[in-house]
Amino acid sequence: MTHILILTGAGISAESGLGTFRDVDGLWTKYDLDEVATPEGFARNPTLVHEFYNARRANCFDATPNAAHTALGRLQSEHAGRVTIITQNVDDLHERGGATDIIHMHGELRSALCANCDHRWPAPREMSAEAPCPSCAEPNTRPDIVWFGEMPYRMEDIYAALSEADLFVAIGTSGNVYPAAGFVMEARAMGIPTLELNLEPSDTASAFNEARFGPATQIVPGWVEDVLKS
Ligand code: OAD
């Protein structure tokens, strides 16, 4: 029974209407990453950062999972072996598409984090830095998002899962942001076969053993079908 480890990125949610980061009309072409996705940017202007993530949260809450999300949910419930899903995405479309136990290595829009005491609670649709923490009452609320310069979540769990995987699959990620971009090389070093599913070859495409290119809503359900038949 095989253990399939899947890494997803913004491309899997693109057809649900959520913007990617580095495509021609991506979020990082419209917003300054240093201002909205770093601890320094948050210290300079928390209101701007909250506005950015409030808009992302509204888009996410209004979006619905697409056929790629639901195919991965189906794979998790029907595959005889284990399926681990690690996502760089901060949306909850994997969960709403029927998948469980998602590792959100870059955090989650649906979670609020107290910058004072690290308490977490469900984020309201609109957040502000002045909202008091339900635990320590300090008005120092931030989105529960891993910013550039911060350590991604659950790295020990991720490397443990990677070391036990029989297949590594990356879906809809450009291979720009480490450590996630390095997982394919780690998998290769451990002798694990690797597969890329993406609209077009990513920056790390040459590291993969195999690839299928096209929109996620077409290629992911097709691949899941093939896995479940094999
Ligand atoms: P990117 O925007 O860097 O890459 C999106 C990838 O999805 C590209 O390779 C596209 O070709 C592909 N893509 C676009 N539309 C697609 C579709 N319909 N079907 C399949 N693939 C499609 O997004 P990520 O790789 O997820 O981090 O970015 C990684 C991290 O960079 C994000 O988690 C975020 C960002 O800065 C933080 O904010 C910390």
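The protein chain splits into two domains: domain 1 takes in 1-18 + 66-106 + 152-230, and domain 2 covers 19-62 + 109-145. These bounds come from an automatic or database domain assignment. The model is a predicted one, with local features needing pLDDT of at least 70 and side-chain atom pairs counted only at pLDDT 80 or more, while totals for chains, interfaces and linings use all residues. Numbering runs from 1 along each chain as its sequence is written, and side-chain values rest on heavy atoms, with hydrogens and water left out.

Taken over C-alpha atoms, the centres of domain 1 and domain 2 sit 25 Å apart. Contact (heavy atoms within 4.5 Å) involves 15 residues of domain 1 and 13 residues of domain 2. Putting the two together buries about 1,200 Å², and carbon and sulfur atoms supply 56% of that; the figure is the accessible area (1.4 Å probe) lost by the two parts, summed over both. On the domain 1 side, L18, V90 and Y153 lose the most area to domain 2, together making up 43% of what that side buries.

E95 and R110 form a salt bridge, with their closest N and O atoms 3.4 Å apart.

Turning to the cysteines, the count of disulfides (cysteine sulfur atoms within 2.5 Å of each other) is 0. For C133, the closest cysteine sulfur is that of C114, but at 3.8 Å it is too far away for a bond.

Conventions:
Salt bridge = Lys/Arg side-chain N within 4 Å of Asp/Glu carboxyl O.
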